Amino acid sequence: MTEQKPLVLIIDDEEAMRDSCTQILLKSGFRAETAEDGAAGLKKIKDLGPDLVLVDLKMPGISGFEVLDRLKNLDPHIIPIVITGYATVDSAVEAMKKGAYDFLPKPFSPEELRIIIRRAYERRKLILEAEALRTEKKLLEENFITMVSHQLRSPLVTIQQYFEVILAGMVGPVDEKPKEMIFKARDRLDGLLHLINDWLDLARINKGQIVDKFKTLDIQKMLEKLIDFMRPLAQEYGVAVELNTAPAPLLVLGDEESLEQVFTNLINNAIKYTKPGGRVHLNLKIDAGFIAVAVEDTGIGIAKEHLPFIFDQFYQVHRSQGKKMKGTGLGLSIAKKIVDAHNGTIDVSSEPDAGSTFIVRLPRP
Amino acid sequence: MTKTSPKILVIDDDPDFREAVAPILKSALYDVISAANPAEAKEKILSEKPDLILLDIMMDSLFDGFSLCHAIKTSPEYADVQSTPVIFVSAVKEIAGSRFQFKGDEQGMIGPDDYIDKPVKPADLLARIEKLLKS
């Protein structure tokens, strides 16, 4: 907050009243602005954002009561004080009901004004401070995941960096046996880093935030980009990845970043569970109010008894034979959570040794 | 006449990371100097005039790295070293490499010349440095 003196707006139709209040306030360490009627007062509240408002209840045009009604919409934390020539209990009570902090019956002494204004300003400061703390707490919560991610990852990444340099032979020769072990240590650390990433992703997925970022997306373009990005992995596994092309753009309503993650996870799985020479086929079609994206592979498939659980967190199909698959067991849970946040669906069908098909349905704009 | 080796400034608050990355740079016969925080970085940039800067973007805050880079590229106090290439180094890599990529240009901030994820692969890092030093 700035070091500026607090600003008090005086709304009164009597010039003498405006002048005398201004004089008193200026001498007491405040800044003062004046308005001669309710309409001008409301405009100044909007334009200048005063801390406190002194408002006369009886004015031509917009009444003091109406100003009280409307100023909370302009600044919910502003502190209004009413001035009234008719210091009736009724009008004072009504003003307080409408949110006035206090009232000053005319005539009042400079000291009475100063006391009320100072007390009101203390209240304003407390409210603003509480508000700032609330905002800060919210920011902290939002940044918490990013900070935790950083704190967890930093030391691991530095360990990885030592391994990288040692394995590259840049700090001296390393014998075969220790080298082999460092390779293994590096792989385990890699797995741990992936797990932290996935875990944090799962915690970070928040329906409200995803919905806030909704825009119209050309799903085919997005998939083309992802396939391009994953081409090296597909080549490494000897798997062909294809996308059928639609004549017209197929549009979905969604959050680009999280949907990229859904399809990265699905295509990644499809490639890794398919034997060399196999293929992964992506098929797009309109399905009523949805676009259905099928990710179909010719991989090892999933046995019927496992199918109901594959979207569960940390569920991994244990295989008696074949090489151990690297993964955290969170990829499909993440995908499902994101698709659910889009009000879409994700389904699977599979035949052991023939392949699996995952179908994601996303709403059209 | 022999030309002196290019000098590379590593800015990172993690001393172990600085130690682990130095042998990579030394293996390619670069001179390595380092700084642990933005203030030290500023002093070294101006006094040592490095040929290239490796800058961790997550020092005290995400903002430090971004604003230091922006300052080097635009601020008058860095006028002498304005053309020094800057590579962002970050441990916060995400899928498809996009999530934590530099987005400061949306706020009118000048970005780095290149971007690399931690842990850096020695060959990848050296290739990127060589490319920037040549241009």
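Okay, let's start with two helices in chain A: H9(A) passes H10(A) in a left-handed crossing. This is a predicted model, by the way, so keep that in mind throughout. H9 covers residues 256–272 and H10 covers residues 331–341, and the two pack at an angle of about 145° with their axes 9 Å apart.

Who makes that contact? From H9(A) we have Ser258(A), Leu259(A), Gln261(A), Val262(A), Asn265(A), Leu266(A) and Asn269(A). H10(A) answers with Gly331(A), Leu332(A), Ile334(A), Ala335(A), Ile338(A) and Val339(A). Sort those residues by type and you get eight nonpolar, five polar and no charged.

While we're on H10, have a look at Ser333(A), which sits in that helix. Is Ser333(A) buried or exposed? It has a relative accessible area of 7%, and buried means under 20%, so Ser333(A) is buried. Leaving aside residues up to four places away in sequence, Ser333(A) touches Leu202(A), Phe311(A), Asp312(A) and Gln313(A).

Most residues other than glycine have a negative phi. Asn343(A) has a positive one, near 60°. Its relative accessibility is 52%, so Asn343(A) counts as exposed.

Leu29(B) isn't a glycine, but its phi is positive, about 65°. You'll find Leu29(B) in the loop between helix H1 (15–27) and strand S2 (31–35) of chain B. At 63% relative accessibility, Leu29(B) counts as exposed.

Right, on to the sheet in chain A. Five strands form an open sheet with parallel pairing, and the order is S2-S1-S3-S4-S5. Which strands are at the edges? Those are S2 (31–35) and S5 of chain A, each pairing on one side only. From one strand to the next, the twist averages 20°.

Two helices go with this sheet. H1 of chain A, residues 15–27, packs on it and touches S1 (7–11), S2, S3 and S4, with its direction at about 170° to that of S2(A). Then H2 of chain A, residues 38–48, lies across S1, S2 and S3, running at about 165° to S1(A).

Let's follow one residue through the strands: Ile81(A). S3 of chain A, residues 52–56, is joined to S4(A) by five bridges, and here Leu54(A) stands opposite Ile81(A). S4, residues 79–84, also pairs with S5(A), in the parallel sense over four bridges. In S5(A), the bridge partner of Ile81(A) is Asp102(A).

Lys106(A) and Pro107(A) are joined by a cis peptide bond, with omega about -5°. Pro107(A) is in the loop between S5 and helix H5 (110–167) of chain A. Over in chain B, Lys118(B) and Pro119(B) are also joined by a cis peptide bond, omega about -5°. That proline, Pro119(B), lies in the loop between strand S5 (114–117) and helix H4 (122–134) of chain B.

Last stop, cysteines. How many disulfides are there over all chains? The count comes to zero. Cys21(A) has 1% relative accessibility, so it counts as buried, and Cys69(B), at 0%, counts as buried too.

How values were computed
Residues are numbered from 1 along each chain as its sequence is written. Chains are lettered from A and ligands numbered from 1 in the order in which they are written. This is a predicted model: local features need pLDDT of at least 70, side-chain atom pairs count only at pLDDT 80 or more; totals for chains, interfaces and linings use all residues. Side-chain values use heavy atoms; hydrogens and water are left out. Two strands pair if DSSP finds at least two bridges between them. Axes are lines fitted to C-alpha atoms, for helices over the stretch in contact, and angles run from 0 to 180 degrees between N-to-C directions. A crossing is left-handed if the near helix is turned anticlockwise from the far one by less than a right angle, and right-handed if clockwise. Contact means heavy atoms within 4.5 Å. Ala, Val, Leu, Ile, Met, Phe, Trp, Tyr, Cys and Pro count as nonpolar, Asp, Glu, Lys and Arg as charged, and the others, Gly among them, as polar. A disulfide is a pair of cysteine sulfur atoms within 2.5 Å. Buried means under 20% relative accessible area, exposed over 50%, partly exposed in between (1.4 Å probe, protein chains only).
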